[in-house]
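I opened this model to look at a few helices and strands one by one. These are my notes, in the order I made them.

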6 protein chains.
Amino acid sequence: MKKITHSLFLFTILSCTSNAAVNDFCVADLKGPDSPSGYQCKPPNTVTVDDFVFSGLVAGNTTNTFNAALTSAFVTDFPGLNGLGVSAARLDIAKGGSIPMHTHPAATELLIVVEGQITAGFMTPSAVYSKTLKAGDVMVFPQGQLHFQVNSGNGKATAFLAFSSANPGAQLLDLLLFGNSLPSELIAQTTFLDVEQVKKLKARFGGRGIDYS
Amino acid sequence: MKKITHSLFLFTILSCTSNAAVNDFCVADLKGPDSPSGYQCKPPNTVTVDDFVFSGLVAGNTTNTFNAALTSAFVTDFPGLNGLGVSAARLDIAKGGSIPMHTHPAATELLIVVEGQITAGFMTPSAVYSKTLKAGDVMVFPQGQLHFQVNSGNGKATAFLAFSSANPGAQLLDLLLFGNSLPSELIAQTTFLDVEQVKKLKARFGGRGIDYS
Amino acid sequence: MKKITHSLFLFTILSCTSNAAVNDFCVADLKGPDSPSGYQCKPPNTVTVDDFVFSGLVAGNTTNTFNAALTSAFVTDFPGLNGLGVSAARLDIAKGGSIPMHTHPAATELLIVVEGQITAGFMTPSAVYSKTLKAGDVMVFPQGQLHFQVNSGNGKATAFLAFSSANPGAQLLDLLLFGNSLPSELIAQTTFLDVEQVKKLKARFGGRGIDYS
Amino acid sequence: MKKITHSLFLFTILSCTSNAAVNDFCVADLKGPDSPSGYQCKPPNTVTVDDFVFSGLVAGNTTNTFNAALTSAFVTDFPGLNGLGVSAARLDIAKGGSIPMHTHPAATELLIVVEGQITAGFMTPSAVYSKTLKAGDVMVFPQGQLHFQVNSGNGKATAFLAFSSANPGAQLLDLLLFGNSLPSELIAQTTFLDVEQVKKLKARFGGRGIDYS
Amino acid sequence: MKKITHSLFLFTILSCTSNAAVNDFCVADLKGPDSPSGYQCKPPNTVTVDDFVFSGLVAGNTTNTFNAALTSAFVTDFPGLNGLGVSAARLDIAKGGSIPMHTHPAATELLIVVEGQITAGFMTPSAVYSKTLKAGDVMVFPQGQLHFQVNSGNGKATAFLAFSSANPGAQLLDLLLFGNSLPSELIAQTTFLDVEQVKKLKARFGGRGIDYS
Amino acid sequence: MKKITHSLFLFTILSCTSNAAVNDFCVADLKGPDSPSGYQCKPPNTVTVDDFVFSGLVAGNTTNTFNAALTSAFVTDFPGLNGLGVSAARLDIAKGGSIPMHTHPAATELLIVVEGQITAGFMTPSAVYSKTLKAGDVMVFPQGQLHFQVNSGNGKATAFLAFSSANPGAQLLDLLLFGNSLPSELIAQTTFLDVEQVKKLKARFGGRGIDYS
């Protein structure tokens, strides 16, 4: 009988074990190198359902300087997200706590409030968009915008976050400005903050990050 | 000293007369036409914080044929999502209910279980990836894959969904196959189902959709 | 006068010592790992014209359960397609045959009929779009939509397919539902098919795929 | 009965006629304006199957200066392609004819030979990739590359083309250089062609295009 | 004579004036609505070379609070950029001046120094990347990163900027934090700045922007 | 109080042990393989500010056949550009010199004139868009269009170029047509140039490139 090659249906009918990977997914091989489009794919025959499930989007420990915790399910936690342009996180904010001003350089954030009351907002050069949210409210923070979330209620607050990136990052403004070794005078010059204020916050946030200059 | 407000930085300090629409966001004008990249933007000066907030991601009514409800926060519900590549939904499944086999043709789905127990999975031509999930578990269903969610617990189940599209759609297999006017014989021929089975399900799901042929 | 060859224009005339990989193309190194954007590129100096040519988009053997054959020229067959977002296939359907209901999770399909008569269509939750096509007709099946093709003529039918992806995949509904180890009761619950029908088709399509759960 | 809003399933079960467009597709409204992502979508309730079918990818008239015809099924011919990133064409080349040097500025081309013999190729600054193709051969011309197709056989040649764009354009080198009102001296200076050669070809190809300078 | 339709070559040979727009470009109609992919295209027959040329990337007036000027050539200034993913600007910084901390939410920036000395940098949560640059140096600030530029030389400094977006925006941190109506206490809570510092800078930068809450 | 440094915000405060590569950037490892989305990322801890700075966008040597020099800052020169979709170059054209007809297959080009006078243009099949530019003028050449730049002034001319790709390439028409081993008769047939003209230019531009056929 004549051999038939390149025939998709025979291929699938025979549930061929070929590694002729059809990119139905590309689970990250986190030990390999990253690239602008994400990590290399694990060989399909080593992929299991556990690559597509992340367990642990549970309440974080809010006993810290922010009285808040952000538990992430990003591609580095959850390799099945690789190349799929979406990720999630859980936000817990104790009474009086907040997620201070921050950005996600390359991702839009959705905030889904499930418990308590959160006052959240983002700013553009000409306006501030802020609102007090309760369970069942969803707010969107467009890509790269500086935004904040404050527990403005009387108890703890909980939310889930969705991001338009498998690896959204999170850049806390205080760490960017005060967590590294930029000279205080340079920070003051480029922020118009008083030098004393800068030094005070450098003392709080470290001010000894790596200086590549 | 003169105060500087509403200033798109130095640009407008200079003589630039442009009204300087910076695309920090593009809130959908849902009354205008759609395009492959989304809806037209509302004029920025008519945008308010309410465009960025959706209220109502609350428990849906599960008294229906599926014993389940999917409450969406897609761009058509929530114009601030336009062009941002992400959306959300809430899933409620009563005991014994399920979200039957379906696809989102152009979106990956994240399922975040918050209450109860859900057995979920997706299939490729060579494998099935399914797991029983509990609160705190997240599962990803890669773009375009056929998948299902079943309440496999003893009480109700609740989850939030995130999608990698502002308008993910949802195509329930039974509606695609049996909710329209495709002749039963043609459905049988292209699914290998028995004609009697097809007719039975057409009776259940309508079989009276629009026939553009 | 000195001749100038192999020159990336003025760049290399100048002192640039780079070996100047200009991404005019990125032929897949199919032995290397895949990534969300495709395979790694073969070193440009090992690329030959044969990487850009695929021979064998010829009539497939239609002596099978579908009376049809799909011969593919996807990136896994044809490494020059890597990263270029397009691929092709040839479809042969014997009299009475069909390509049953299927999806390409991340690709739009164009069907170019070259011989015979094909009745084809796709369904959304609210409508069916189907038509009987003859030589010279082209039909588009938008990304991720469930669709079918039936030889509705008196002889064989032939078509070429173009896809908006270098690796479109092809997910035959029967294989997704019945070709794996999902329990019959779960399939029945999530499709509303009768369990007997499910068991009958599992017997036909294998029902012995890999179960990752 | 209690009204349920934002519930997708009830919505679809009732085959709701809402224009709450889920972007399963976006058929071009060719009378409306174009945008960088394509044309505006026709209202979904005015879409019919004929928007997804193009009839007429048949043999073109090769009685012209090239002894060749390119019959296109681009979005401007075939509105269902809007936003889907793929299109097609048919190529007929009479004996001795050719498709001269040309580019598609933003699209990769696949050439599927179905009859006769075609010698085709593309060039980079450091190499030429050319081959003589026969029925069943497919060749890819990566995005933006200058390429050509010559009927090198003894009879007519026929091929189908697929493009990685809904609107690939086609820029014939002779028309770019000689079909417009660029001064002959400027063309000569920027191509190193002799002025007499330029004038000869301007006479042939018109040299009366629109001059926006 | 037989009419030939859909034939690209006859079409172009006859330098047809058809508005059968091939998207070689999409010049913005700035009076029409914007969309996530950019502005609508002007009708091709109204486009002139002046749509592709911007005049005025000249020295800006640096007599202002920053001793600096940023002159932009963004799509709102230069409609030919629409949909093309690139734009430019000119930066002039008088001695002692600076471009304070700012982000471009959706664009990477290239800084090409042409005169004087500029100390520039960007910060991530774990490091600062800064350097003193002179004429002929180019520095890249990846998408969405907080960055600054200071004239650290003895005379004026001049640079050209290129962005990976037709409309990169520019969000000056001081305007985001202090140029609007966010309550001082909320700013203090979410930045860890002292309230007095916040009030001082609100006085300087306006603090009366639009409050959408 | 305990200081917090090197902290990816709350994530790492919590128990997350991930080494948390957040893709704030992906500096190219130029020794590794390329992919359709660019090079693999260098390990973040080996990245320094020098990866984000390119020194040498200075005047090139114009003593060559074109009296012109193009000095590039592309990803192969400047690894920090990897994945960021933008690059730069410097153009120097001596009096009487020119950058002959060329394309960038996958990039739009912005030309920023800083000194002298340049006449530049691009052509479509139906029009030519050309203009004489002086310092402060910017012109855009949309992706894949054939274009040229001529020094039309009385002294040298200088410009900076920005591209919408990290690796735009540059394909000089004369090298494509005459710098390789395509047979003169085939070039003549597919360009309508006289064979003598072809042979003359092959003698000038080499005509001995690699022939992969």
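I started with what covers the buried residues of α3(D), and the list includes α2 (173–178) and α4 (195–205) of chain D together with β4 (98–103), β9 (147–151), α2 (173–178) and α4 of chain F. Contact here means heavy atoms within 4.5 Å. Helices (H or I, at least four residues) and strands (E, at least two) are DSSP runs, numbered from the N terminus. I'm working on a predicted model, where local features need pLDDT of at least 70, side-chain atom pairs count only at pLDDT 80 or more, and totals for chains, interfaces and linings use all residues. Residues are numbered from 1 along each chain as its sequence is written, chains are lettered from A and ligands numbered from 1 in the order in which they are written, and side-chain values use heavy atoms, with hydrogens and water left out.

**Helix α3, chains D and C**

How many residues of α3(D) are buried? I get six of the eight in this helix (residues 184–191), which is mostly covered. Buried means under 20% relative accessible area, exposed over 50%, and partly exposed in between (1.4 Å probe, protein chains only). The buried ones are S184(D), L186(D), I187(D), A188(D), T190(D) and T191(D). After α3(D) comes F192(D), and I noted its positive phi, near 70 degrees.

Next I checked T190(C), which sits in helix α3 (residues 184–191) of chain C. T190(C) is buried, at a relative accessible area of 0%. Leaving out residues up to four places away in sequence, T190(C) touches P100(B), M101(B), F148(B), V150(B) and D174(B).

Two packed helices are described by the angle between their axes and the distance between the axes. Axes are lines fitted to C-alpha atoms, for helices over the stretch in contact, and angles run from 0 to 180 degrees between N-to-C directions. The cut-offs: under 35 degrees is roughly parallel, over 145 roughly antiparallel, 65 to 115 roughly perpendicular, and the rest oblique. Which residues make the contact? On α3(A) they are S184(A), E185(A), I187(A) and A188(A), and on α4(A) they are V195(A), V198(A), K199(A) and K202(A). By type I sorted the residues of this contact into four nonpolar, one polar and three charged. Ala, Val, Leu, Ile, Met, Phe, Trp, Tyr, Cys and Pro count as nonpolar, Asp, Glu, Lys and Arg as charged, and the others, Gly among them, as polar.

Over in chain F, the axes of α3(F) (residues 184–191) and α4(F) (residues 195–205) come within 9 Å and cross at roughly 120 degrees. That makes α3(F) oblique to α4(F). S184(F), E185(F), I187(F) and A188(F) in α3(F) meet V195(F), V198(F), K199(F) and K202(F) in α4(F).

**Strand β9, chain A**

Chain A has four helices and 12 strands, and 65% of its 213 residues count as buried. In β9(A) (residues 147–151), five of the five residues are buried, so this strand is largely enclosed by the rest of the structure. H147(A), Q149(A) and N151(A) point one way, while F148(A) and V150(A) point the other way. Strand β4 (residues 98–103) of chain A pairs with β9(A) in the antiparallel sense over three bridges, with H102(A) opposite H147(A). Strand β6 (residues 117–124) of chain A also pairs antiparallel with β9(A), over five bridges, and T119(A) stands opposite V150(A). Pairing requires that DSSP finds at least two bridges between the two strands.

**Strand β8, chains B and A**

Five of the five residues of β8(B) (residues 137–141) are buried, so this strand is largely enclosed by the rest of the structure. D137(B), M139(B) and F141(B) point one way, V138(B) and V140(B) the other. Which strand of chain A pairs with β8(B)? I found β1 (residues 53–55) of chain A, antiparallel over three bridges, and there M139(B) is the bridge partner of V53(A). Within chain B, β5 (residues 109–115) pairs antiparallel with β8(B) over four bridges, and E109(B) has F141(B) as its bridge partner.

Last, M139(A), which lies in strand β8 (residues 137–141) of chain A. M139(A) is buried, with a relative accessible area of 0%. Not counting residues up to four places away in sequence, the residues M139(A) touches include L110(A), F122(A) and Y129(A), along with V49(B), F52(B), V53(B) and F78(B).
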